[in-house]
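Q: Can we walk through this model together? I'd like to go from the overall picture to the domain contact.

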There are 2 protein chains.
Amino acid sequence: MEAEGLIAHDVLAVVLRITGTVPSVLLWQRAREPQDGRWALPGGRLGAAEDVEASVRRHLAEKVDLAEVAHVEQLSVFSDPHRGPAPRRVATAFVGLVPSDADPAVPADTAWHPVDALPPTAFDHGDITRAGLERLRAKLSYTNIGFALAPEAFTISELRRLYAAALGHRVSATNLQRVLTRRGVLVPTGTTAAPGPSGGRPAALFRFSERALRVTDPFATLRPPSCDPSGSS
Amino acid sequence: MEAEGLIAHDVLAVVLRITGTVPSVLLWQRAREPQDGRWALPGGRLGAAEDVEASVRRHLAEKVDLAEVAHVEQLSVFSDPHRGPAPRRVATAFVGLVPSDADPAVPADTAWHPVDALPPTAFDHGDITRAGLERLRAKLSYTNIGFALAPEAFTISELRRLYAAALGHRVSATNLQRVLTRRGVLVPTGTTAAPGPSGGRPAALFRFSERALRVTDPFATLRPPSCDPSGSS
């Protein structure tokens, strides 16, 4: 029924966490038709009294402790008329990020799956998952979004592992430290990590200077050197 | 009526063009209730057989020659339950960019308005316009999106004027040329502009190396120097 052009509106969340050498995504297994047995993204119907941001938090809270989700942002609208069985549903998808040291409890039907070995996914949820991962990869290059993947404090070696896993390619620890320090994203905590079993010099610990998203490739490069930042819009 | 949770879905477009020293947005004046006389963004109802991308192009084509719109991208979903009168409508908003040298014909009810002096706007279309401008400003710092604001060929002085108008602050022509050249965004055409009325040395003309959006703050900085790009994902 599309009488009067009315359409059901869903929200969906691609919740990503780096575990080991690849990102994992939080999926739950459907236990009824359509797509019985397939794995779906957390989400559900937009309620009458909420906007999509409130709705995705309400639905996510059924699957994971929201306090463990360090960042949530809108990804994109998925609206192919044939993306699911009738009646038509349009979905607003979000990306959520959980730090690597968090291990939130999840319901029995829900599990983390490595994105390079997804189980059979429901509807277009595999495509939406891949779009979420692409968004994360892009934002790692021009924002401080790594704060939402990393523990509160970490060594450069640990951070390099997280970036390499998220990006899917090798990352130089030296370059990573230089780029993120130059951008004011990374600051030393002044402490060191406990030495590993093999001993050696204790590694310095770092933290992200902010734990809210910002673009780090600075507008400042486009400003004249004498420009007073307080005078700009 | 929100029986069964069905909601009308609209698409809206924030079409921006730099004219003079500020961006302008394309608005049309409503000629019936609700919001009679107020100015609205181009858009309309999502059709049964189209996705939001096809829909926004169909609705935009009623107001402006699509061939003049150099770039269109999804902005965000606007879904406040009280953003308009009942029945509820959710909108997927897009940003569209028209180069400064284009002057497409528009219908009698439609006009360009400077974003710093908007007429009374309909519903939440003023907020959506401001969100579209913020998206453009952010992307100027980490993508090649300037290609969609600029003519095919331009002097650095002309490009500086476009960036300053879009960003709303002063921009150094020297820094702009250095940053965009280093990122491989800007290339000389090998020709010069016709001298102005005051004569002087003819200015070199440049063009954007690509006319499709890409992130220019390179992933490469996170790769080890010896990394073979073809071996990365």
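**Salt bridges, fold and domain contact**

A: Start with the charges: a search of the whole structure finds 24 salt bridges over all chains. A salt bridge here is a side-chain nitrogen of Lys or Arg within 4 Å of a carboxyl oxygen of Asp or Glu.

Q: What sort of model is it, and what are the ground rules?
A: It is a predicted model, where local features need pLDDT of at least 70, side-chain atom pairs count only at pLDDT 80 or more, and totals for chains, interfaces and linings use all residues. Residues are numbered from 1 along each chain as its sequence is written, chains are lettered from A and ligands numbered from 1 in the order in which they are written, and side-chain values use heavy atoms, with hydrogens and water left out.

Q: Which residue does A:Arg89 form a salt bridge with?
A: A:Asp10, with the closest N and O atoms 2.7 Å apart. The pair links distant parts of the chain, 79 residues apart: A:Arg89 is in strand β6 (residues 89–97) and A:Asp10 in strand β1 (residues 6–19) of chain A.

Q: How many helices and strands in chain A?
A: Four helices and nine strands. Helices (H or I, at least four residues) and strands (E, at least two) are DSSP runs, numbered from the N terminus. The order is β-β-β-β-α-β-β-β-α-α-α-β-β.

Q: How is chain A divided?
A: Into domain 1 (8–140) and domain 2 (143–227). The bounds come from an automatic or database domain assignment. Over C-alpha atoms, the centres of the two domains are 27 Å apart.

Q: Which element gives the largest share of domain 1's side?
A: α2(A), with five residues. The residues of that side divide into ten nonpolar, four polar and four charged. Nonpolar covers Ala, Val, Leu, Ile, Met, Phe, Trp, Tyr, Cys and Pro; charged means Asp, Glu, Lys and Arg; the others, Gly among them, count as polar.
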